[in-house]
Amino acid sequence: MNEWIERLIEKVENVIYLAVALILFAIAGVIIVKTALSFSDLGGGSVVDVSAEILDLLLLVFIVVELLFAVRTTLSRRELVAEPFLLVGIIASIKEIVVLSVKAPDLLGKPEFADTVRLMALLTGTIIVLALSSFLLRRKEREPSEGANSGNGEDEVEEDVDGEDENDREHRASAGKA
C-alpha cells in the first residue's frame, strides 16, 4: 500500500510541475509578444528608454526560461537543482541594474541618486556572490564522489614516486611507436 501512495504522490507532483511549466511557458509567450509590440514604440519615445524596456523584457524571458529549465530538471532527475535558481538570481540582478542605470541620469543631483548607486552596488555584490556560488557548485559536481575508486577497481590509476601515472606512461609509449 505504501508503494501505491508513493506512486500517487509522484503523479500529483508531476501534474503540479506540468501546470507550473505551462504557466511559465504562457508567461514567456506573453512577454515575447509584449517585447515585439514595444518595438513599435521606438519611433515615438526616447530610444534609450524603449530599448531599456525591451532589454528588461528580454531578460525577464531569460528568467522564465531558466525557471522552466529548473522545472524540467526537477522532473527528469527527481531532485531540486540549485544552479538554475542561481542563474535566475544573477539575471534578475542584472535586469535591475539595467533598469536603474537608465533611470540614474534623471536622478543626478537629487538625494535619490545616492540610494540608486548604493542599490546598484548591492546588486553587483549579489551577482558576484551568486556567480561564485555557481562556480563552486560546478566545481563540486566535477569532483569524484567520496569513496569512488577507493578499492582496486579498473578505473583506479596508480601514481609512481616521480608523479607519473599509468595513463601518462601508456600515452608516451603509444606516441613513441607511431
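Helix H2 (47–77) is the element against which the buried residues of helix H1 pack, where contact denotes heavy atoms within 4.5 Å. Those buried residues are Ala 21, Leu 24, Ala 28, Ile 31, Thr 35 and Ser 38; buried denotes under 20% relative accessible area, with a 1.4 Å probe and protein chains only. The model is predicted, with local features requiring pLDDT of at least 70 and side-chain atom pairs pLDDT 80 or more, whereas totals for chains, interfaces and linings use all residues. Residues are numbered from 1 along each chain as its sequence is written, and side-chain values use heavy atoms, leaving out hydrogens and water.

The protein chain contains five helices and zero strands, helices being DSSP runs of H or I with at least four residues, strands runs of E with at least two, both numbered from the N terminus. Of the 178 residues in the protein chain, 23% are buried.

Ser 38 lies in helix H1 and counts as buried because its relative accessibility is 1%. The side chain of Ser 38 reaches the backbone oxygen of Lys 34 at 2.9 Å. A polar contact (a pair of N or O atoms within 3.5 Å, one able to donate a hydrogen and the other to accept it within protein; residues adjacent in sequence count only if both atoms are side-chain atoms) joins the side chains of Ser 38 and Glu 53 at 3.5 Å. Leaving aside residues up to four places away in sequence, Ser 38 touches Val 50, Glu 53, Ile 54 and Leu 57.

Key: Buried < 20%, exposed > 50% of the residue type's maximum accessible area, 1.4 Å probe, protein only.
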